[in-house]
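The sequence and structure are shown first.

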Amino acid sequence: MSRSRRVLAPYLLILPGGLWLLLFFVIPMVTMLSLSLQQGDVVSGYVFTGHWQTYVDAIGNYRTQLVRSLIYGAITTIILIVLAFPVAYWIAFYGGRRKPTYLFLLLLPFFVSFVLRTISWRYILTDEGMLLGPLKDAGLLADDFNILGTPTAVIFGLVYNFLPFMVLPIYVALERIDPRVVEAARDLYADPPTAFRKVIFPLALPGVFAGVLMTFVPASSDYVNSAVLGSSSTTMIGQVIQSQYLTSSNYPTASALSFTLMAVLLVGVFAYARALGTEDVMKVAAR
């Protein structure tokens with residue numbers, strides 16, 4: 001292979017991915033940023049004026065929804081870690097030859113539309129639905145007890161819909177752990193909790209890191225669960241953006257909110273990565 005081919009080979013390999021990111025991420029982001037700084041209306045059109053006041057007004061008017069979305073996303077992510085780790089651990093270490101079956105069952109709900117699955121939970125969580133109805137009839141819950149339309153229902157829907165996105169990365173990380181490492185820890189008189197804390201969990205950090213990225217970002221920007229399972233008091237920023245785009249046709253405000261949400265999520269992700277120690281995570285992942 002000639003010298004020029006060796007020099008060009010890495011760039012040619014990343015060219016398809018680079019073009020994909022350029023067409024479907026960079027260009028839309030630049031377009032959205034430009035639109036957020038324009039003024040006008042749908043009838044007369046929009047003109048770029050560099051109107052940064054749109055960001056100030058948008059954040060001031062919808063600060064509550066933005067903070068609420070980040071809180072819901074954070075709570076959802078923490079619950080997902082607590083629920084997903086035992087599931088992934090059991091499949092990885094005790095699943096045996098049936099691991100593919102268990103993973104298939106985990107992904108089976110994804111054969112149904114995201115919206116339909118969320119709507120189905122609306123009927124399950126109604127006051128007289130199959131979950132609360134029998135409990136109320138048995139006198140275990142008060143007649144005025146309700147879940148639908150509360151933050152609990154929204155977070156419940158987010159956890160249900162994004163659980164596989166946390167389980168699968170953690171499972172992949174646990175699957176790569178050499179069982180002999182765990183056996184060595186036990187041979188060195190480490191009890192099960194100590195072996196988990198000192199050996200298993202550190203080696204699973206790459207999966208936890210990936211799971212957080214795959215759940216916190218979409219959960220914070222989701223609007224389907226809050227629209228279907230929530231109420232006016234649980235409105236998330238995704239609902240506001242959707243309403244500004246499709247109902248009010250206020251494209252600059254919607255673009256400003258979208259860009260602000262993306263910036264806040266990126267700052268949060270980088271802060272999380274720094275606190276976790278990305279270099280250490282990557283070293284563990286490379287082993």
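Predicted model: local features only at pLDDT ≥ 70, side-chain atom pairs only at ≥ 80, totals over all residues.

## Helix 7 against helix 9

Helix 7 and helix 9 cross in a right-handed manner. On the helix 7 side, the residues in contact are L158, F162, F165, M166, P169, I170, A173 and L174. Helix 9 contributes I200, L203, A204, G207, V208, A210, G211, V212, M214, T215, P218 and A219. Sorted by class, this contact comprises 17 nonpolar and three polar residues, with no charged residues.

The axes of helix 7 (residues 151–175) and helix 9 lie 8 Å apart, at an angle of about 150°. Angles over 145 degrees count as roughly antiparallel, and helix 7 and helix 9 are therefore described in that way.

## Helix 3 against helix 9

Helix 3 (residues 63–94) and helix 9 (residues 192–221) have axes that come within 9 Å and cross at roughly 140°. Because of this angle, helix 3 is oblique to helix 9. The crossing is right-handed.

From helix 3, the contact involves S69, L70, G73, A74, T76, T77, L80, I81, F85 and Y89. Their partners on helix 9 are F196, I200, F201, A204, V208, V212, T215, F216, A219 and S220. The contact of helix 3 with helix 9 contains 14 nonpolar and six polar residues, and no charged ones.

## Shape of helix 9

How far apart are the end C-alpha atoms of helix 9? They are only 38 Å apart for 30 residues, short of the 44 Å that a straight helix would reach at 1.5 Å a residue. Helix 9 also has a kink of about 45° at L205, shortly before the proline P206.

Note on methods
Residues numbered from 1 in each chain as written. Heavy atoms only, no water. Axes fitted to C-alpha atoms, helices over the stretch in contact; angles between N-to-C directions. Helix = DSSP H or I, 4+ residues; strand = E, 2+ residues; numbered from the N terminus. Parallel < 35°, antiparallel > 145°, perpendicular 65-115°, else oblique. Left-handed = near helix turned anticlockwise from the far one by under 90°. Contact = heavy atoms within 4.5 Å. Nonpolar A, V, L, I, M, F, W, Y, C, P; charged D, E, K, R; others polar. Expected span 1.5 Å × (residues − 1). Bend = angle between axes of the 7 residues up to and from the residue.
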